[in-house]
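Subject: Structure handover

Hello,

Below is the structure I said I would pass on. My notes on what was found in it come after.

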Amino acid sequence: MNTRDSVSGQGLVTTMSPGESRPNAPKWAYLLTAAGSLVIIATYVAVLVTQPATLGQDLGNTTLWVMLGYLAGAALIAAGTLPLIPRSIYALMPVAIALNITVGQIVGTLTPIPLYLDSLGSVIVGVLAGPAAGALTGVLGNVIWGVTINPTVIAFTAGAAFVGAAAGWAARLGAFRAAWWAVIAGLIVGVPGGALGAPVAAFLFGGGLGVGTGSIVATLQAAGLEMLGATTAQSLASDTADKAIIFLIAFLVLRALPKRIVRRYPLAMRSLSARSRRGAGETRETVSA
Amino acid sequence: MTAMQGRLSEPGLERHSRTSPGSSAILHPATELVLLASALLCIYGIPSPVVPATLLALAVITAAASPRIALGRWAATFAVLAAPMLLMVGLIQGVFYPGDRAEVLWRWGAAAVTVDGLAVALQLWLRVAAMIAVCALFAFGSDSARTFDGMIRLRAPLGIAYVCATALSLIPLLRGQVSHALEARAARGWNTARLGTRLGLLPGIIAGLLTASLVQLDQRHDTLEQRGFGRVRRPASLQEHRDGRVQRAIRWAAPLASIALVAGAVSGLVHLPSASEILGAIRG
């Protein structure tokens, strides 16, 4: 953003195309992002293949590999997405991060609901500004939340990056044009999101992070499931419901936002119905005039 | 939600009414960040309960000795975050541990207290407790300006440093605005004590928050642009910080030493007592 683009207190006058036109993005940015994704997937597969489903008396190095693999992958994704994001989007990200932390801390760790609601800000940024901005918001949000209030979330950074990016991809496909499509997209995103979080929940925290989620893990282990199996089942159930609710809330927030804000983000126009887009277009013409 | 918010501690977040924590800090914020990362690497990289137990004890001593950290608030934060984890991991792994060959101490139906389960639960909790303790130390002695200066000193990209520092300053503001929005709706007759009502009100509240925050941020952004933010790669520090050769040496030595320790532990060159060895020694 520069001073010509804005009228103080009124936001940007000109629009930009976050996530859509990236004329100056270097190739290494894409390579780093792809490398980060590969590292996370490889870590997940390696943990499934090589590590026992239940930790023994001596914890071994499983936690180290899970932490290193996921955090290194998230760091590569953050480094790769940084050049893909217009500087103007940086103004949106702190709000989204604060939103993730405020809602996530209240719902995820201090209430007995087996949900998290800690990626609402990342999803909104993904929908408004694209997958790269969504992923970076997820990474930074978890790191900031981790070092200031709740360090346990640092290990879930890879999953947070995926959810932010997936919201951007879903928005590009038009999943936020109707409430039920948003819910379905959330359900789909919740499956890999839950799978990615399961090894972390199992091997770093023994499934005992939240009161609600921990109760489900305890029940499943009592029913005979192994540690990783119990946390995977819990994560899949919680994450699919959680992401469906978050995507629905993001859909509602998008419609509740003033058109002046929404029309700054061309990608967000794809998430509005044809009628809403016409409305936003008319507003833009009125403003231009 | 308001009551829950009241329980949330505010380490590391903006404190407008108090003197900046940087004014009495011994360490540069960059040194603190490096030490924090090194401690986290040791906690998760060395598979011995001795490491998290030692770091937990060091954190308690530092919190008690530091003039910047109120021990009571630090202890309350630690208790709020670590106690539920101890309870849950103790229940899940201590009572419902799924290992086949675990030594059973007491059984009642599906519940069984096992030695392995208790060992796993205690070690996992020790690690998380140590992590919470050292992160709380950093958070209580920090604010958004210190974080910004620390990140810039560590050569983090300016945009990332700006986003992190701004997010830190926004969290208490956002929490205050959520409280005000809920109070306003309660005054209009909504039963905001009900979770279902709160979830229903969430989209409207968040849309209002986003709009207000974006306008505020635009104004901040305008001000920063007009002051030349981003024109130089390494801007001057926002606050004065003590720094010197010793701290620069610590910033290099701490990560190198922790990496060497972890590599030694993984390869078997460095041996610290494992949980089974400690249990064996206790049993004689």
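**Helix 8 of chain B**

Helix 8 of chain B bends by about 45 degrees at B:Leu202, and a proline, B:Pro203, follows within four residues. The bend at a residue is the angle between axes fitted to the seven residues ending there and the seven starting there. Helices (H or I, at least four residues) and strands (E, at least two) are DSSP runs, numbered from the N terminus.

This is a predicted model, in which local features need pLDDT of at least 70 and side-chain atom pairs count only at pLDDT 80 or more, while totals for chains, interfaces and linings use all residues. Residues are numbered from 1 along each chain as its sequence is written, and chains are lettered from A and ligands numbered from 1 in the order in which they are written.

At 1.5 Å a residue, the 32 residues of helix 8 of chain B should span 46 Å, and the end C-alpha atoms are 44 Å apart, which agrees. The expected span is 1.5 Å times one less than the number of residues. Among the buried residues of this helix are B:Leu202, B:Pro203, B:Asp218 and B:His221. A residue is buried if 20 or more other C-beta atoms lie within 10 Å of its own, exposed if 12 or fewer, and partly exposed in between, with C-beta atoms placed from the backbone. After helix 8 of chain B comes B:Gly228, with a positive phi near 85 degrees.

**Chain B as a whole**

Chain B has 10 helices and 2 strands, in the order α-α-α-α-β-β-α-α-α-α-α-α along the sequence. Of its 284 residues, 41% count as buried.

The two strands of chain B, strand 1 (residues 104–108) and strand 2 (residues 111–114), pair in the antiparallel sense over 4 bridges. Strands pair if DSSP finds at least two bridges between them. B:Val104 has B:Thr114 as its bridge partner. The hairpin has 2 residues between the strands, and B:Gly109 takes a positive phi near 65 degrees there. Of the 5 residues of strand 1 of chain B, the number buried is 0, so this strand lies largely in the open.

Helix 6 (residues 144–153) of chain B is mostly covered, with 9 of its 10 residues buried. Helix 2 and helix 7 of chain B are included in what covers them. B:Arg155, which follows helix 6 of chain B, has a positive phi near 65 degrees.

**Where the chains meet**

The contact between the chains takes 72 residues from chain B and 65 residues from chain A. Two residues are in contact if their C-beta atoms, placed from the backbone, lie within 7 Å. On the side of chain B that touches chain A, helix 8 of chain B gives the most, with 17 residues. That side has 50 nonpolar, 16 polar and 6 charged residues. Here Ala, Val, Leu, Ile, Met, Phe, Trp, Tyr, Cys and Pro count as nonpolar, Asp, Glu, Lys and Arg as charged, and the others, Gly among them, as polar.

A:Ala98 is in helix 3 (residues 92–109) of chain A. This residue is buried, with 28 other C-beta atoms within 10 Å. A:Ala98 touches B:Ala167, B:Leu170, B:Ile171 and B:Leu174, not counting residues up to four places away in sequence.

Regards
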